[in-house]
Amino acid sequence: MKNRLRVLRAEHQFSQAELAEKLGVSRQTINAIENDKYDPSLSLAFKISRLFHKPLEHIFDDEPIAGRSD
Amino acid sequence: MNSLNQYKMDMDNQMNSSKSPGSNWPYTSLLLFGYFGKNSPGAKKLAIRNTIGLLLTICGIIFSGVVGQTVYALPVLTLAPLGIVIIMWAYKEYLSGLDELSRMIQYEAFAFSYGAAIAIGISIYATGLYVGWAIPAIWILLAEGLRGIALVYIAGKYA
């Protein structure tokens, strides 16, 4: 699943560590989401949506990533 | 102001690059100890609780051969299972304190090491029976080693 997390994070001038702390996850989780290697749970996706005041579909796109089997 | 501009430039560079910087998973800690960073509060608690559980188990095994059928037999025989229960509880508490990706990596590593260790362990045991060697059932110890390797491999997929 593609996402715009890196762009939103940059717009809000958060580092990966700062965003991870705000969302209650590890920095590695943020990194994996930004690199399209991990799709967040629904609850984490909603937290991201609320934090950036954007609807889910503005942040996440369910178009599959080429080369990923899931 | 300069630092803000520098920050924006860094962010632009990150956005323009195809990938973010690497994840820096604590591979050594995962391989040797089986958890994410030995200095995190959760890992420290896990290490202490595991040590207590392991000591109880070892004491239970050692003393069970000594006490015989005395009045101390029952308390001593409960030590080893109690130690194992403490280790299981410690892992449960540790996993519930992890974030979702770390927990998923731990679950995947448990699933892999459980199946692989039983398959390899039974193969070794069956070979021992065939050639007449008394090879002990080692797959429990094998599972821990395999879990460390699995943790490193699976964490690497999300780096």
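The following questions and answers walk through a predicted model of one chain.

Trainee: What should I know about the numbering and the model?
Mentor: Residues are numbered from 1 along each chain as its sequence is written, while chains are lettered from A and ligands numbered from 1 in the order in which they are written. This is a predicted model, where local features need pLDDT of at least 70, side-chain atom pairs count only at pLDDT 80 or more, and totals for chains, interfaces and linings use all residues; side-chain values use heavy atoms, with hydrogens and water left out.

Trainee: What is the radius of gyration of chain A?
Mentor: The radius is taken over C-alpha atoms, and the globule rule is 2.2 Å times the number of residues to the power 0.38. For 70 residues, a compact globule would come near 11 Å. Chain A agrees with that, at 11 Å.

Trainee: What share of the residues in chain A is buried?
Mentor: Buried means under 20% relative accessible area, exposed over 50%, and partly exposed in between (1.4 Å probe, protein chains only). Of the 70 residues in chain A, the buried share is 46%.
Trainee: What share of the contacts in chain A with a separation of 6 or more joins residues 24 or more positions apart?
Mentor: Contact means heavy atoms within 4.5 Å. Count the contacts in chain A with a separation of 6 or more; the share from residues 24 or more positions apart is 60%.

Trainee: Is A:N3 buried or exposed?
Mentor: A:N3 lies in strand β1, residues 2–3 of chain A. Its relative accessibility is 18%, so A:N3 counts as buried.

Trainee: Which side chain makes a polar contact with the side chain of A:N3?
Mentor: A polar contact is a pair of N or O atoms within 3.5 Å; within protein, one must be able to donate a hydrogen and the other to accept it, and residues adjacent in sequence count only if both atoms are side-chain atoms. The side chain of A:N3 also reaches the backbone nitrogen of A:L5 at 3.0 Å. Beyond its neighbours within four places in sequence, A:N3 is in contact with residues including A:I33, A:I59 and A:F60. The side-chain partner, at 3.2 Å, is A:D36.

Trainee: Which backbone oxygen does the side chain of A:S49 reach?
Mentor: A:S49 lies in helix α4, residues 42–52. At 12% relative accessibility, A:S49 counts as buried. Leaving aside neighbours within four places in sequence, its contacts are A:K54, A:P55, A:L56 and A:I59. The backbone oxygen, reached at 2.6 Å, belongs to A:K54.

Trainee: Where is A:Q13 in chain A?
Mentor: A:Q13 has a positive phi of about 55°, although it is not a glycine. At 30% relative accessibility, A:Q13 counts as partly exposed. Its place is the loop between α1 (5–11) and α2 (16–23).

Trainee: Is A:H53 buried or exposed?
Mentor: A:H53 sits in the loop between α4 and α5 (56–59). A:H53 is not a glycine, yet has a positive phi of about 55°. Its relative accessibility is 71%, so A:H53 counts as exposed.

Key
Helices (H or I, at least four residues) and strands (E, at least two) are DSSP runs, numbered from the N terminus.
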